[in-house]
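Hi everyone, thanks for making time.

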Amino acid sequence: MGRWRDGTGTLTTDGGPPVAAPAPVPLEIAASSRARTRGLLGRDGIAGALLLTPAGSVHTFGMRFAIDVAYLDRELRVIAVRTMRPGRLGRPRFRARHVLEAEAGAMARWGVRPGVRLVCVSGHSPGR
């Protein structure tokens, strides 16, 4: 994808079993410090997923719902997937360069699990 920017896009898995959803997953990209800091705070849910880049860990302090967290390496290969309840601090993953967040249970439905490579296609950046 080259240089990451705040914006939107779509997410699919590359190889392995097909994604359960018939269409790609809507994706929000948080690449700026401000967007990463805001993350999912103050929201009641998310339709799709949020990609935090760069990121190696996350927390759920101040969140209103449980989330699935996938830690991704440089090539967007999934290192680990965890479900986190609100008020938790995630363990840093030293190989992680990106973190993908979604509502709890979503990643299992999409086929996101360790070893799977994700494909992110950027849509547009805000203000364009």
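Let's start with a term: a salt bridge is a side-chain nitrogen of Lys or Arg within 4 Å of a carboxyl oxygen of Asp or Glu. Before I use it, two housekeeping notes. This is a predicted model, where local features need pLDDT of at least 70, side-chain atom pairs count only at pLDDT 80 or more, and totals for chains, interfaces and linings use all residues. Residues are numbered from 1 along each chain as its sequence is written, and side-chain values use heavy atoms, with hydrogens and water left out.

Okay, so how many salt bridges does the structure hold? There are 2. In one of them, Asp44 and Arg64 meet through their side chains, at 2.9 Å from N to O. Asp44 sits in the loop between helix 1 and strand 3, and Arg64 in the loop between strand 3 and strand 4, so this pair ties together parts that are 20 residues apart in sequence. Asp44 and Arg64 are both exposed. For that word, the cut-offs are over 50% relative accessible area for exposed, under 20% for buried, and partly exposed in between, with a 1.4 Å probe and protein chains only.

Arg43 also forms a salt bridge, with Glu28, and their closest N and O atoms are 2.8 Å apart. Here Arg43 is in the loop between helix 1 (33–38) and strand 3, while Glu28 is in strand 2, so parts 15 residues apart in sequence get tied together. Arg43 is partly exposed at 22% relative accessible area, and Glu28 is partly exposed too, at 25%.

Glu28 brings us to the strands. Thr8 stands opposite Glu28. Strand 1 (residues 7–14) pairs with strand 2 in the antiparallel sense over 5 bridges; pairing means DSSP finds at least two bridges between the strands. Strand 1 also pairs with strand 7, again antiparallel, over 6 bridges, and there Thr13 has Leu118 as its bridge partner.

Now, what about the inside? A nonpolar core is a set of buried Ala, Val, Leu, Ile, Met, Phe, Trp, Tyr and Cys residues joined through side-chain atoms within 4.5 Å. The largest one has 21 residues, and among those touching the most other members are Leu27, Trp110 and Leu118. Apart from that core lies another, of 16 residues, including Met63 and Val99.

Terms used
Helix = DSSP H or I, 4+ residues; strand = E, 2+ residues; numbered from the N terminus.
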